[in-house]
Amino acid sequence: GDLHSIRLPRRKTATGLENLKKSRKMSLGYAEKLSYREDVGTVGMPEKFDSPKLLQGKIEELAVMVQKSKHLVVFTGAGISTSSGIPDFRGPKGVWTLQRAGKGVPDASLPFHRAAPTLTHMALVELERAGLLKFVISQNVDSLHLRSGFPREKLAELHGNSFKEVCPCCKTEYLRDFEIETIGLKDTPRRCADKNCGARLKDTVLDWEDALPPEEMNSAEEQCRTADLVLCLGTSLQITPACNMPLLSIKNGGKVAIVNLQATPKDKKASLVIHGLVDKVIAGVMCILSLRIPPYIRTDFIQLLLRHTVKKKCVRWTLRVTSVHGMRAPLSFLRSIEVIQ
């Protein structure tokens with residue numbers, strides 16, 4: 001009747017290696033799932049770097065702008081996630097840049113579900129807590145803003161979230177720790193957990209021809225109109241209609257600041273353009289504002305089901321480890337299990 005030590009070793013079979021290679025490309029699954037489109041805009045533009053002296057001066061100017069702002073809105077693109085290991089789209093080694101050159105999709109340095117929020121993501125969390133940042137508008141689908149702990153009610157995800165499903169009937173959102181299988185607002189294998197609903201869930205990531213979700217778009221536009229400063233971070237500002245939203249601030253007397261390594265079509269309308277690494281710029285701003293960037297601490301949850309049956313003097317124990325998102329949901333973060341008496 002004893003429960004003995006059970007060890008499930010990490011398998012090093014050919015199948016396991018193949019799965020590992022496949023998982024490394026998961027962060028590019030979004031790009032691979034998109035419908036083919038010939039015209040994705042300008043790609044592969046050269047990166048620019050301001051000189052150290054010029055960069056420091058611009059960082060100080062940006063810090064003053066942020067400090068004086070009464071309604072700061074941040075508009076983010078793929079460039080804020082590259083330091084987490086997720087490639088961008090238009091950079092020299094971006095997804096669309098390499099695809100146009102016939103080189104295929106680049107390898108990601110780690111699976112999508114293991115990507116951690118960057119220094120910039122965590123700085124935005126602190127800026128919001130300090131009352132300086134009122135809203136974030138993101139074109140990214142990597143879920144790193146939500147993973148960082150940024151409040152959902154102060155975030156608009158214009159292009160969806162690869163880790164989020166939504167019920168089309170009761171509008172309940174389900175944030176997962178695994179990447180949703182589809183894009184294009186299609187049905188997923190799961191259903192709404194509400195007993196009074198039970199509708200088939202849908203993914204939230206847009207394909208090329210899908211319109212921006214009205215709720216996200218309306219709140220984003222309203223915030224840009226209200227903003228006296230829209231800070232654009234790591235975005236080429238090319239994808240319409242999202243790229244035009246920051247300019248709504250200018251029409252109402254506000255300002256736009258851009259931090260990006262490449263030139264953007266909106267640079268001439270910006271009050272400040274910084275060519276530098278986003279993490280470095282934001283770290284400099286936080287230092288000047290005397291704000292500490294909080295560390296990211298990841299927490300994952302599993303569900304343990306322990307059952308036993310008794311036959312004569314023998315007890316048979318069964319331990320099942322499952323996802324909190326359902327019996328069939330993948331445990332993408334779990335590699336091995338060890339049970340000790």
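Helices (H or I, at least four residues) and strands (E, at least two) are DSSP runs, numbered from the N terminus. The model is predicted: local features need pLDDT of at least 70, side-chain atom pairs count only at pLDDT 80 or more, and totals for chains, interfaces and linings use all residues. Residues are numbered from 1 along each chain as its sequence is written, and side-chain values use heavy atoms, leaving out hydrogens and water.

**Helix α7**
- Glu216, Ala220, Gln223 and Cys224 of α7 are buried (under 20% relative accessible area; exposed is over 50%, partly exposed in between; 1.4 Å probe, protein chains only).
- They lie on the same side of α7, because they cover an arc of only 100° around the axis, taken from the directions from the helix axis to the C-beta atoms.
- Glu215 and Glu222 are exposed on the face turned away from that buried side.
- The buried residues pack against β2 (72–76), β3 (133–138), β4 (155–157), β9 (229–233) and α8 (247–251).

**Annotated cysteines**
- An unreviewed UniProt entry lists Cys167, Cys170, Cys192 and Cys197 under "binding site"; such annotations may be inferred rather than shown by experiment.
- Cys170, in the loop between β5 (164–166) and β6 (173–175), is partly exposed at 33% relative accessibility.
- Cys192, in the loop between β7 (187–191) and β8 (200–203), is buried at 6% relative accessibility.
- Not counting residues up to four places away in sequence, Cys170 touches Cys192 and Cys197 (contact means heavy atoms within 4.5 Å).
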